[in-house]
Amino acid sequence: MTASLTRRQLLQAGGLTLGALSLGRHAAGQAPKDGGTFTSARTTEATGLDPQLVPAFSRSARSPMMYNQLVRFEPDMTPVPELAESWQVSSDGLQWTFKLRQGVKFHDGQELTSADVKFTFDRLFEKSPGKSDFIAVDKVEPSGKYAVKFVTKEPFAGLLAALGGFWGFIISEAGVKKHGDLNKAAVGTGPFMLEDWKVEQQMVLKKHAGYFKKGLPYVDQVILRVIPDEASIVAALRTGQIHHAFIEDNKNNNLLKEEKSLTGYRSSRLGYDFLNINASRGPLKDVRVRQAISYAVDRAQILRVAASGFGRLTAPATAPMKQWQLPEEQWMKYYRPDVDKAKKLMAEAGQTAGFTVKLGVIPTFPTMVSGAPVVAAQLKRIGITAEIENVEYAVWIKRWLAKDFDMTMNTTPGYADPDTAFFRALHSTKGQNWNSWSVPELDALLEEGRRTMDQKKRKEIYDRVQIMILENVPHLWLFSADTIDFTQASVKGFRQHPTTLLYGFEGVWLDKA
Amino acid sequence: MVRLYSMALTLLGLSLLVFLMLRLVPGTVVEQMIGADAIVSPAMVAELKRFFGLDQPWWRQYGLWVAGLTHGDLGTSWRTGKPVVALILERLPVTMELTALAVACAMVLGIPAGILSATRRDRAIDNITRVGTLLGLSIPVFWQGTMLILFFSIYLRWMPPVVWVDFFTDPRRNLTIMLLPALCLGTASAANIARTTRACMLDVLRSEYIRTAAAKGLTDRVVILKHALKNALIPIVTVAGLQMGILLGGTVVVEEVFTLPGIGRLVLWAIYQRDYPLTQSTILFIAVMFMTINLAVDVLYGYLDPRIRYSA
Amino acid sequence: MVVGAVFALVIVGMALFAGGLAPHPPDEQNFDLIEAKPGAHALFGTDRFGRDVLSRVIYGARISLYVAVTSIALAMLVGGALGLTAGYAGGLWDNAINRVMDIFFSIPGLLLAVGVAAMRGPGVNSAVVAITIVYTPLFARVMRGPVLAEREKEYIEAVRALGAGRLVVAIKHLLPNVLSPFVVQGTVAFSQAILIEASLSYLGLSAQPPTPSWGNMLNEGRTYLETAPWISVFPGVAIMTAVLAFNLIGDGLRDILDPNA
């Protein structure tokens, strides 16, 4: 069946199941019940908990349990009030005023005021790698006890996305004074308080009784276990030893979806897997070679092997970024594998004989490990020999930061706003420039997008950005795997977020039948 | 006394070796902490390096660590911020329990098999045991583990609990978790012990006094259990003791396969995380443990068999 | 022993003639045949890339044997030389070597191997280095003991009295007389080396995918235990057969060369 299934069908099939599953989710409008201990498991431990010092995703994922942001993004990626009740932008677009919710309590019982917000951002700008998200922000000033003003150097359309992003969690000044840093302690306003943490084993969190969302959270306690082997997590779900797990290797969906005692959740993810190309290396400099690579790679096949088909091919703006999506017919044509065309492009670039590159893989990332051999086999067809090179995480990071690679498999949790998503990755001088490339026209467009506050104009700009990306192939958006979660059937009210950050635990309740 | 002195010297050498090897590993804790998804300035990297003392010359770093050790301070783990001692003590019971249970498994399986094999020499049971021990010596621990899990989960629809519980919280649950790992870990040792038992029993059974005992009209069972086994016990105990040391090393693989929170996995994790203090001190701790076990075996051996005096 | 030798020959043959024996190249992917059951088209089934498991098991023999042969050869060479000189020269040199060897003996063997490989970073050569480090001290010790005993014997003194150089005495006269326990130990260590390499591969520290090795095939197959158990069954059988074969040879050699042991 596989050979005859087109990409389009694959996408549709994905869409259908998605709809079907989300129907079952809010079934039987029972009233939530309080109490109980909710146990979840993950394969990776957080390297530290400080929401400003630790860039690792394992930290970001856990932060929403203990902290809140000023604004939060709904699953459809629209911003909604969280700690901020409302906000206004000045007419010149240079000042944002956020009105804070009153009576919000930190875990230590102190009230959240504008001073904490200012402290949060002062500390962020001073010592956090996350300051790059806020690069256009000049300063943050209190304006009364319950309002803060963000002053920006230029109109900054990405501010809300940054506030609702990985680095926007509001911390307590008193908490930092007390603990030094917040790597092992947590003092936030969030639904759960950190009670005990045994590294590489489990984290115990207690209900925050003074949480500002009335009635939440429902459960008394959350235990987050670290079980490094997903096979064991699957077993634990089946035997009812844990309530919830986020599945990283999508093939395990096949093992669990038939289990009667479990509820499955499948939704599209903001992040995506990509083939990261270093466009400053040898033949990869030539845009025609990169285009050839793009045409040689059969993304649907990679999706099938690396994510067992549970996912979708994606334009540069992924599915949850609904308002920024390009119509499918505009991007799908770039993804149609065409070996002849690819060979022609190689010939035009003077690479008829082909060449050899190294293709990096982090051995502990399942989608990279299984995706790389497929990419290599596909590139072989146009004469490119990709030697797979397994690089341990710490070394990989070091080399990636130093841009010391030809090509590497890569994955990103994604960003809600096109500014954060594309500027950071692709701007040749002011961003992180993941691909060591430079397209001045694109740089200009990205800067324009950052300054433009008008939604319609922004949309036009980012449509053009995306087409430019598809034409110039900085890296290959391979696929966006679906987010798959399973809970025991007794668990209600769970919702996964497209960023896979753990926002969903505050609404969880246990229906002990 | 001489033993203790040479142990100390060995530990000093080991500490230097581990220390230097770790510094040769590419990548440091700093890269490990940063992660891919960040813009990091060189100043920040330098700051972090200073924080961990990585900007100091190596001999100073080494000196500080060893100075701490002599005061009984194993240091603080970089990635967890906890004292290394606390982390070791948290994990130690798991590894000890696993090792002890594996030795127990090995003896319970190995000794009777060896006796049976020796007393029914060259008969069917002997041949079965001998083939069995050879297989036991050849089977990779991790594969055996995987196959056992496969067998239990698919054919018997039974799964040991995957969430760790320590012995004192819930002994029954703890033992169900430990059963398969201990069995896997103990298999090769069981084979070794069975072989030793068989050889020793054969030796003893051939000897003068056993024949006398048999001649006196004592039953087979009494002869075997009371006289023969007692005399064969010395080498068996020695082998079991030696196995204990070997098993201690084997725990690292078993802990990985069954994801048990023991010391072996702690070391591996620490190496991957480039957590130098944790790696160094834990390895040293394991060495002390290992040498102590070996020393104890020697002492026990000398005690059981006064004819042997340890010399070295 | 005969059985062992036959098995061993089969495995060595697999490694040497992998190209001719394997029905497919080890990394050939076939997307029409993903996770196929063992059958006519693929005797041992296929894995998640549609690669032929039989072919990968055959090619996997190369890694196992390569690592075992190089590491044990190196360890025997270095360890033997150290043990011979230590035992023969005695004194300070002997003492120094013993001290250093004690350091390596202070850590359980498998843990030492895993630690060394983890520190060196994953790769086939890491496995070689790790296993060499584990076995060098062992061979040094196995060599030193008999040399020590032999040195005092009359014939050695006689040769020395005749004016033979130290080196000549050591290599020409001592070595042949102490070689048999050393060789027996070598075959036993060889089978253990196969086992350790498999463990290292399994932990992701030796040969890296997509290069097939028995250990990493097992690791890859582990997550497919329920849906495609053949991916992990066959490499496991291969490891066991190989280790068993060399164990049998070791036992046989011991009976022949070293009847007192």
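This is a predicted model: local features need pLDDT of at least 70, side-chain atom pairs count only at pLDDT 80 or more; totals for chains, interfaces and linings use all residues.
User: OK, how many residues does the contact take from chain B and from chain C?
Analyst: Chain B gives 39 residues and chain C gives 38 residues, with contact meaning heavy atoms within 4.5 Å. The area buried between chain B and chain C is about 3,500 Å², and carbon and sulfur atoms give 80% of it; buried area is the accessible area (1.4 Å probe) that two parts lose on being put together, summed over both. Ser138(B), Phe142(B) and Trp143(B) supply 17% of the area that chain B buries against chain C, more than any other three residues.

User: Which side chains meet in a salt bridge there?
Analyst: The side chains of Arg195(B) and Asp251(C) do, at 2.4 Å from N to O, and the count between chain B and chain C is one salt bridge. The term stands for a side-chain nitrogen of Lys or Arg within 4 Å of a carboxyl oxygen of Asp or Glu. By class, the side of chain B that touches chain C has 28 nonpolar, nine polar and two charged residues; here Ala, Val, Leu, Ile, Met, Phe, Trp, Tyr, Cys and Pro count as nonpolar, Asp, Glu, Lys and Arg as charged, and the others, Gly among them, as polar.

User: What about chain B with chain A, how much area do they bury?
Analyst: Chain B and chain A bury about 3,200 Å² between them, with 58% of it on carbon and sulfur atoms, and 32 residues of chain B are in contact with 39 residues of chain A. One salt bridge is counted between chain B and chain A, and in it the side chains of Glu392(A) and Arg274(B) meet at 3.4 Å, N to O. On the side of chain B that touches chain A, α2 (29-34), α5 (84-119) and α11 of chain B each supply at least two residues. The largest share of that side of chain B, four residues, comes from α2(B), and by class the side has 16 nonpolar, six polar and ten charged residues.

User: Switching to helices: at what angle do α14 and α16 of chain A pack?
Analyst: Helix α14 (residues 418-426) of chain A and helix α16 (residues 455-472) of chain A pack at an angle of about 35 degrees, with their axes 11 Å apart. Axes are lines fitted to C-alpha atoms, for helices over the stretch in contact, and angles run from 0 to 180 degrees between N-to-C directions.

User: Which residues meet there?
Analyst: Pro418(A), Asp419(A), Phe422(A) and Leu426(A) in α14(A) meet Arg458(A), Tyr462(A), Val465(A), Gln466(A) and Ile469(A) in α16(A). The residues of this contact of α14(A) with α16(A) divide into six nonpolar, one polar and two charged.

User: Last topic, the backbone: which peptide bond is cis?
Analyst: The bond from Leu216(A) to Pro217(A) is cis, with omega near -10 degrees, and Pro217(A) lies in the loop between β9 (202-207) and β10 (221-226) of chain A. Thr500(A) has a positive phi of about 60 degrees although it is not a glycine, and its place is in the loop between β20 (491-492) and β21 (509-510) of chain A. Most residues other than glycine have a negative phi, and most peptide bonds are trans.

How values were computed:
Residues are numbered from 1 along each chain as its sequence is written. Chains are lettered from A and ligands numbered from 1 in the order in which they are written. Side-chain values use heavy atoms; hydrogens and water are left out.
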